[in-house]
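Hello! Here is the structure I promised to pass on to you. Please open it first, and then read my notes below with the residues in view.

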Amino acid sequence: MVTLSTDVLVIGGGATGTGVTWDAALRGLDVILVDRSDLAQGTSGRFHGLLHSGGRYAVKDPKAAQECVGENQIVRRIAADCIEDTGGLFVTTPWDDPAYADRFAQGCAATGVGCEEISVAQALHDEPRLHPGITRAFRVPDGNIEVWKMVWALSHGAQQRGARILTYHAVVAVHRDGDEVTGARVRDVRSGEETDILARITVNAAGAWAGRIADLAGIEGVRVLPGRGIMIAMNHRLVNTVVNRCTMPHDGDIIVPIRTVSVIGTTDQHTEDPDDQTVMQSEVDLMLDEGEKLVPGFRRARALRVWTGVRPLFEDAKAAGTDSRDVTRAHALLDHTQRDGVGRFVTITGGKLTTFRLMAQDTVDAVCRQLGHTTPCTTKTEPLPGSESGANYRLGERLARKEANLVDEQLICECEMVPRKTLEETIARTGSTNLDDIRRQLRLGMGPCQGGFCIYRATGILHGLDGLSAEQADASLLDFLQERWKGVWPVLYGDQVRQARLDDWIFQGVLDVEHLPS
Ligand SMILES: Cc1cc2nc3c(=O)[nH]c(=O)nc-3n(C[C@H](O)[C@H](O)[C@H](O)COP(=O)(O)OP(=O)(O)OC[C@H]3O[C@@H](n4cnc5c(N)ncnc54)[C@H](O)[C@@H]3O)c2cc1C
């Protein structure tokens, strides 16, 4: 069996784990990151897309609100290319308690959330699709985050500084030597090969799965309460600003415009299993009904796709029951030396995607204390690769780039404006033959046709470039279609049925997809 050695082993390649890897690599530490799947395939790739201003937690969870306030400013700078500065609105709809608006304004003032009340007329002017019955409106600095771009930028930056990233490597055992953790055994989920990784310190950044990793280390009582939520992408930008109901957080109260779609969410159901991806029809109906309250006619828009994510909520004394909305959204750093008498092992969980950098900083500070390493954190100011210019993403950027060389280059995905060259470069750089992995890198197939027009083209390119056999290329195509279908069938109504039927005809007609040799 191969054995690798490192200073820091990071378990979990979501925003938190890649953030820890980037921070530690910047401080000159040798790092290995492992994830059981591709990067950001856990909760980080299944979230709502909101760069929180802190407004959502200003009344209910001031600590989480304050964390968001500071990090919102930093993340927009260091990950500029991954952020769209849409701004946000909190609006009181006819269904909301009018008294909450004053509490909201006070909560924002107390926690430092930049909040300005504007007239209803101004709000309706800025967002004409909003419910005309709104009675109060507040502007806040919400935005959206393109998470895959950010996680890949974190990992590339870390790799440029020597970090090793092992995707599709699941931790199957955590090694203990007496009162110390000494590393872990990982299994390559594709080949079955096992590798021992010896580490001076191990960081458990496995999000909703962190309790399971702690169990493997023989540490009891790390209770991460998985809170499952669904989100639905609608086929275009119904709003251009993030719109939130001005009320205590509840289901379906935020619409986030991101790239070419708008996403409504979320629910919050307690589940025992972090891999639970159940979507209940009642949840879909609830989202669509709640959407109507913010944007009348919401139901008539086309729902493209539904997905679930599971919140990693660290349980504290406050959460006596199982209502996961009551658990703080602030993060929890557990130094197991102090907590359990087990050295060289740290767990970081809870928090928000918005606060990933702060979570990473706190974690690597704890790592450095144990290792006696004194290099300070620089992630507050160091831009991620691709964000050096400091310019935020602007809607229309891809179109503008495409229009500059319209006749020279083939467009593979019209919805997300993915040119052939970009696709070929990504396949070559990642070496991946998995179309779903490529989707996360480029947003390929994520627009209104959900891959109907681009995926057979991408499969052909994959086949030609990589010298994949026809069977392997077919298998990659079928995997992609299966994965997309999981998110499409629960929202099959109206125009989406027509689109799904058209996609089906394309795949049957062009490729006789049901009878491909496998
Ligand atoms: C429905 C929903 C909506 C949300 N919306 C927002 C939002 O709009 N804005 C916001 O700021 N936050 C939001 N959040 C919260 C945010 O998404 C999470 O806090 C964040 O993504 C957690 O990141 P993470 O890296 O800690 O966990 P994850 O992204 O889940 O990463 C953990 C990783 O550990 C890996 N792993 C698990 N077991 C093993 C193993 N045995 N071996 C190796 N690897 C393993 C998993 O594959 C996974 O990639 C939302 C959460 C949910 C559920």
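A network of salt bridges links D38, D436, D437, R439 and R440. Please keep in mind that this is a predicted model.

Start with K149 and D81, whose closest N and O atoms are 3.2 Å apart in a salt bridge. K149 sits in helix α5 (residues 147-160), while D81 is in the loop between α2 (62-78) and β4 (83-84), so this pair ties together parts that are 68 residues apart in sequence. K149 has a relative accessible area of 30%, so it counts as partly exposed.

Next, find E283 and R228, whose side chains also form a salt bridge, with 3.2 Å from N to O. Here, too, distant parts of the chain are linked: E283 belongs to helix α7 (residues 281-294) and R228 to strand β13, 55 residues apart. Are these two residues buried or exposed? Both E283 and R228 are buried.

Now for the ligand. How many residues surround it? There are 35, and the closest are T16, D35, S44, L50 and T354. By class, this shell has 13 nonpolar, 18 polar and 4 charged residues.

A polar side-chain atom of T16 is 2.8 Å from an oxygen atom of the ligand. A polar backbone atom of V171 lies 2.9 Å from a ligand nitrogen atom, and a backbone N or O atom of G351 is 3.3 Å from a ligand oxygen atom. On its own the ligand would expose 1000 Å², of which the protein buries 97%. The elements giving two or more residues to the shell are α1 (15-26), β10 (169-177), β13 (224-234) and β18 (303-314). Of these, β18 provides the largest share, with 4 residues.

W485, W489, L492 and V497 make a nonpolar patch of about 390 Å². W485 is part of helix α14 (residues 470-488), and its 42% relative accessibility is why it counts as partly exposed.

Enjoy exploring, and write back with any questions!

Technical notes
Residues are numbered from 1 along each chain as its sequence is written. This is a predicted model: local features need pLDDT of at least 70, side-chain atom pairs count only at pLDDT 80 or more; totals for chains, interfaces and linings use all residues. Side-chain values use heavy atoms; hydrogens and water are left out. Patches are made of residues with over 30% relative accessible area and no salt bridge: like charges are joined within 9 Å, nonpolar side chains (Val, Leu, Ile, Met, Phe, Trp, Tyr) within 5 Å. Accessible areas come from the Shrake-Rupley method with a 1.4 Å probe; for residues, only the protein chains shown count as cover. A salt bridge is a side-chain nitrogen of Lys or Arg within 4 Å of a carboxyl oxygen of Asp or Glu. Buried means under 20% relative accessible area, exposed over 50%, partly exposed in between (1.4 Å probe, protein chains only). A residue is near a molecule or strand if one of its heavy atoms lies within 4 Å of it. A polar contact is a pair of N or O atoms within 3.5 Å; within protein, one must be able to donate a hydrogen and the other to accept it, and residues adjacent in sequence count only if both atoms are side-chain atoms. Ala, Val, Leu, Ile, Met, Phe, Trp, Tyr, Cys and Pro count as nonpolar, Asp, Glu, Lys and Arg as charged, and the others, Gly among them, as polar.
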